[in-house]
Amino acid sequence: MESSLPSDEILAIVVPILVYWVYSGVYLMLGSLDNYRLHSRKDEDVKNLVSKRQVVKGVLLQQLVQAAVAFLMFKITGDDHSAAATSDSASFLSLVRQFVVAMFVLDTWQYFWHRYMHLNKFLYRHVHSWHHRLVVPYSFGSQYNHPVEGLLLDTFGGGLAFILSGMSPRTSIFFFSFATIKGIDDHCGLWLPGNIFHLFFWNNTAYHDVHHQLYGNKYNFSQPFFITWDMILGTHMPYKLERRAGAGLEARPLNRRS
């Protein structure tokens, strides 16, 4: 068992990164399905304030930092999580509990930091506005952030979810791959029929697209799983999907508030 743990830790670092580029690449190829886009391809090229080349470089930097922090975290917590792996590996209920706890921790951490970065003018102007350069989100821009935001929200938030849930490195391979896929889906800009995330999560592609638009900038802070904190704290903006002139769909807010 001990000899397998280092490989689990390496996989926990590497697999979510590979999943990111493979899954976002699938959505990139589907981007030509104009009837399911929330924005036109022209708007994606014209409205966004950062080039795709810069986005790729920014994401790779964040993933490099994320991998380094994960390596240090596994070194520090190795013994504790090795014990958890041996005692809980056969318990399905334990795995479900770890997933639920990790989802709640990550949602809570990201909601309050995300909201604060919108309320604090300095942090928004110099840090969080990087992510909102993508007025029209797309798949591989999911993890495009200022390095400080990437470290604080994603890397530290993920580390906290890992520690507080008590999951093993092997379990974290699946959890962080799932979280990565969910984040990409929220930014993909496509409303595809039968999308399982749209069936099970109100926090979905259209919900987060509203947040990226000017009228939704103060709302829909919840990410990546549920809309719980938005509902509790009054920052939820409902929407409806309408056909866009020409082709595609548009997420329109039901009530625009200042």
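Helices here are DSSP runs of H or I, at least four residues, numbered from the N terminus, while strands are E runs of at least two.

Before going on, I noted that this is a predicted model, where local features need pLDDT of at least 70, side-chain atom pairs count only at pLDDT 80 or more, and totals for chains, interfaces and linings use all residues. Residues are numbered from 1 along each chain as its sequence is written, and side-chain values use heavy atoms, with hydrogens and water left out.

I looked up the angle between helix 4 (residues 92-119) and helix 7: about 45 degrees, with the axes 11 Å apart. That makes helix 4 oblique to helix 7. Oblique is what is left after roughly parallel (under 35 degrees), roughly antiparallel (over 145) and roughly perpendicular (65 to 115). The axes are lines fitted to C-alpha atoms, for helices over the stretch in contact, and angles run from 0 to 180 degrees between N-to-C directions.

Next I checked helix 7 (residues 169-187) against helix 9 (residues 205-212): their axes come within 7 Å and cross at roughly 60 degrees. So helix 7 is oblique to helix 9. This crossing is right-handed.

**Helix 6**

Does the span of helix 6 agree or disagree with 1.5 Å a residue? Its 19 residues (147-165) should span 27 Å, and the end C-alpha atoms are 26 Å apart, which agrees. The expected span is 1.5 Å times one less than the number of residues.

I also found a kink of about 25 degrees centred on phenylalanine 156; the bend is the angle between axes fitted to the seven residues ending there and the seven starting there. Buried residues in helix 6 include Glu149, Gly157, Gly158 and Phe162 (buried is under 20% relative accessible area, exposed over 50%, partly exposed in between, with a 1.4 Å probe and protein chains only). Just after helix 6, glycine 166 has a positive phi of about 75 degrees.

**Valine 65**

I found valine 65 in helix 3 (residues 52-88). Valine 65 counts as partly exposed because its relative accessible area is 33%.

**UniProt record**

The unreviewed entry gives "transmembrane region" for residues 12-33. I get 86% helix and 0% strand there, with end C-alpha atoms 33 Å apart. UniProt positions follow the numbering used here, feature names are shortened, and annotations may be inferred rather than shown by experiment.

Definitions and conventions: Left-handed = near helix turned anticlockwise from the far one by under 90°.
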